[in-house]
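Please look at the sequence and the model shown below. The report that follows describes how the chains are related and how they meet.

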Protein chains: 2
Amino acid sequence: MPSAVVLLSGGLDSYTAAALVQRDGFDLHALSVLYGQRHLREIEFARRVARALGARQHLEVSVDLARIGGSALTSDIPVPKERAIDTAEIPTTYVPARNTVFLSLALAWAEVVGAHDIVIGANALDYSGYPDCRPEYLEAFERLAALATRAGVEGAPLRIHAPLLHMSKADIIRAGLSLGLDYGLTHSCYDPGPDGRPCGACDSCVLRAKGFAEAGAEDPLISAS
Amino acid sequence: MPSAVVLLSGGLDSYTAAALVQRDGFDLHALSVLYGQRHLREIEFARRVARALGARQHLEVSVDLARIGGSALTSDIPVPKERAIDTAEIPTTYVPARNTVFLSLALAWAEVVGAHDIVIGANALDYSGYPDCRPEYLEAFERLAALATRAGVEGAPLRIHAPLLHMSKADIIRAGLSLGLDYGLTHSCYDPGPDGRPCGACDSCVLRAKGFAEAGAEDPLISAS
């Protein structure tokens, strides 16, 4: 089975993207990036998801994006709540160049494990308007990757898999449920309470709730809490 | 004066690249990446160089590439010595996707400080044959950067400056000396002794010595030791 490096955040998108690529016959090497999130708790969810997927290995790499700042997720800028989600406006939860940093690390590790495939849960439909989730961005990264590494020089270019790119959140949830995924293992909130409960009002909570509602399913994370 | 983010390693290439861009009218924001180098001492040289340049600020960001490994510079693979430098073969000192990781971090910080210019000391002539030092790689990164960030979306694309790209090491040293740079502040060795002295036999030492010899100049780092 060919190997794929999957960026795993502990959220439902990356879990579903990983499961879809696994179904297509890839052996998963899960990569989680500790980037100075406000809530390091996220990594616990990524570990659970990696175990549930039966990933061959799970690597956690630290990069100190809090030193760089510029985002509500890496500095003390407040997370916006009850925002009218308009993808024409980039919100303060955007982390400068986050996906470029994450994909770079995935590219590095792919080279080490001999993988020619990278999986990212990026979505350009029910999303917050981040520039680095757009199809043209991912295509540009794939072109860069083909030139960036030993594999590229040797003529084995790298593929970026973003199976959720054009799916609605409801479609993502339906696809995951049909694969038997347990979304109770995942976490989406940008600003959970001290007890870890989702705030219910940040973009990520709003998009998740809308997705479950449209899919006609119950969110096991909410029903359990 | 427009701002530029410069990747500063403490070596002579990035020092010279920074000085050339500064001469062209840019205000420098120096960025050094602590990536699990065998010799963290490098950062001391980067600090000295940033001070000598009068950089507006100097940010040090950690990213744990040692977790990823795959290189003589991030793992216990020995650094090759007295190697016949042949750029058709990628040596073990190549760090998987290093420049992609570094440029991603520079891109993130550029967005935060409002810079539209990034400087890298990449050189594709007297170099070790790393894939991510080639002109086509840097062009692909520039295209990616134009799509990756808020600035790109708003129509202000980012420029990658690699002023040394087509210069020989001797040309680089001549250019730096004519700008009055003190190469005694810099450090190039991949495998210094416990006392910090350059080994004299790794690619980086060999290319540096060849450059000084061809430029008809004395290396202040060697003459001082």
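## Two chains and their contact

Chain B is superposed on chain A by a rotation of 180° with 0.0 Å of shift along its axis, at an RMSD of 0.0 Å, where copies are superposed by least squares on the C-alpha atoms of residues with pLDDT of at least 70 in both. That is the relation of a two-fold axis, and in chain B the C-alpha nearest the axis belongs to V63(B), 2.1 Å from it. This is a predicted model, in which local features need pLDDT of at least 70 and side-chain atom pairs count only at pLDDT 80 or more, while totals for chains, interfaces and linings use all residues. Residues are numbered from 1 along each chain as its sequence is written, and chains are lettered from A in the order in which they are written.

The contact takes 38 residues from chain B and 38 residues from chain A, two residues being in contact if their C-beta atoms, placed from the backbone, lie within 7 Å. Helix 4 of chain B gives the largest share of the side that touches chain A, with 9 residues; helices (H or I, at least four residues) are DSSP runs, numbered from the N terminus. Because 100% of the interface residues of chain B are also interface residues in chain A, the copies meet through the same surface.

A97 has a positive phi in each chain although it is not a glycine.

Conventions. Helix = DSSP H or I, 4+ residues; strand = E, 2+ residues; numbered from the N terminus.
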